[in-house]
Amino acid sequence: MKTKILIVEDESIIALNIKEILTNFGYEISGIAPNGEKALLLASTKSPDLVLMDITLQNREDGIGVAEQISKICTVPIIFLTANDKNKTIDRAINIKPYGYILKPFKEIELKTTIEIALKKFAENQKLTSKIIEIKSENVSLQSKINIDEQKKQRFIKLSHGYIYDNENFVLLFNGEAFELNDKENKLLKLLIKNIGRVVSVEQIEDFVWDGELVGEGALRSLMFRIRQKLPKDFITCHSKIGYKILPLQNSDV
């Protein structure tokens with residue numbers, strides 16, 4: 001497949017001369033644009049592989065500005081053509097990172113060499129960009145897997161005596177089966193697991209389990225008595241007149 005080149009040049013004789021040179025070199029011409037409007041149209045519809053951009057277009061339109069606009073709508077290497085060798089113009093052109101800069105008048109071989117170098121450099125940059133995107137995608141996938149693994153670790157919390165707490169469904173498991181607890185017992189366990197290893201005060205427990213309702217001091221003692229009838233005595237530890245806690249499983253318990 002031939003390389004397609006868009007020529008953006010307002011002087012028709014020069015444009016046709018460039019077209020003939022490029023055709024003789026085996027390139028395909030996507031079109032000739034004398035101004036920014038047509039250049040943008042051809043760039044978006046013809047998908048050129050490279051753009052030759054004159055810096056000064058019809059009505060002294062700024063070719064550098066047109067090149068910037070083209071770069072926003074398509075990824076394509078741009079080579080500037082100009083008779084202007086002023087440092088200020090060259091600096092402005094360099095700022096948009098062109099793939100070449102040719103001063104008029106130029107030799108045919110100079111044009112061909114600049115185009116070939118630009119195409120090769122562009123292809124290498126595209127491969128590098130694709131590789132970077134691929135690596136980033138792999139990193140995102142790896143991070144996603146790590147996050148899922150962490151979530152799984154956090155979801156199932158190992159407790160003493162072979163109990164496991166499902167932190168997603170808020171269910172206590174034993175031997176792979178849900179351990180039967182009533183609503184208030186489940187709420188108590190949920191709060192203690194959330195604060196595992198820390199003492200939860202009597203006031204915090206009463207507020208959470210009974211939804212802020214004022215209850216007598218015997219209500220919590222009664223609840224603790226019932227749950228301790230179902231679970232091992234040291235599963236929930238009591239800290240006299242302070243509160244209760246569940247200890248995390250120690251490595252030596254595994």
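**Charges and rings**

Guide: This is a predicted model. In it, the charged end of Lys112 sits over the ring of Phe25, 5.7 Å from the ring centre.

Visitor: And what does the charged end of Lys190 sit over?
Guide: That charged end lies over the ring of Phe170, at 4.0 Å from its centre.

Visitor: Rings, then. How many aromatic pairs are there in the whole structure?
Guide: The search finds 5 aromatic pairs. One of them joins Tyr99 and Phe122: the ring centres are 5.7 Å apart and the planes stand at 75 degrees, so this pair is edge-to-face.

Visitor: Where do Tyr99 and Phe122 lie?
Guide: Tyr99 is in the loop between helix H4 and strand S5, while Phe122 belongs to helix H5, so the pair ties together parts that are 23 residues apart in sequence.

Visitor: Are those two buried or exposed?
Guide: Tyr99 and Phe122 are both buried.

Visitor: What about Tyr163 and Phe179?
Guide: Their ring centres are 5.6 Å apart with planes at 80 degrees, so that pair is edge-to-face. Tyr163 is in strand S7 and Phe179 in the loop between strand S9 and helix H6, 16 residues apart.

Visitor: Which residues form a cluster with Tyr163?
Guide: Phe174, Phe179 and Phe235 form one aromatic cluster with Tyr163. Tyr163 has a relative accessible area of 6%, so Tyr163 is buried.

Visitor: New topic: how many disulfides are there?
Guide: The count is 0 disulfides.

Visitor: Why does Cys74 count as buried?
Guide: Cys74 has 18% relative accessibility, and buried means under 20%. Cys238, at 44%, counts as partly exposed.

How values were computed:
Residues numbered from 1 in each chain as written. Predicted model: local features only at pLDDT ≥ 70, side-chain atom pairs only at ≥ 80, totals over all residues. Heavy atoms only, no water. Disulfide = S-S within 2.5 Å. Buried < 20%, exposed > 50% of the residue type's maximum accessible area, 1.4 Å probe, protein only. Phe/Tyr/Trp six-rings, centres within 6.5 Å; stacked < 30°, edge-to-face > 60°. Helix = DSSP H or I, 4+ residues; strand = E, 2+ residues; numbered from the N terminus. Lys NZ or Arg CZ within 6 Å of the ring centre and 35° of its normal.
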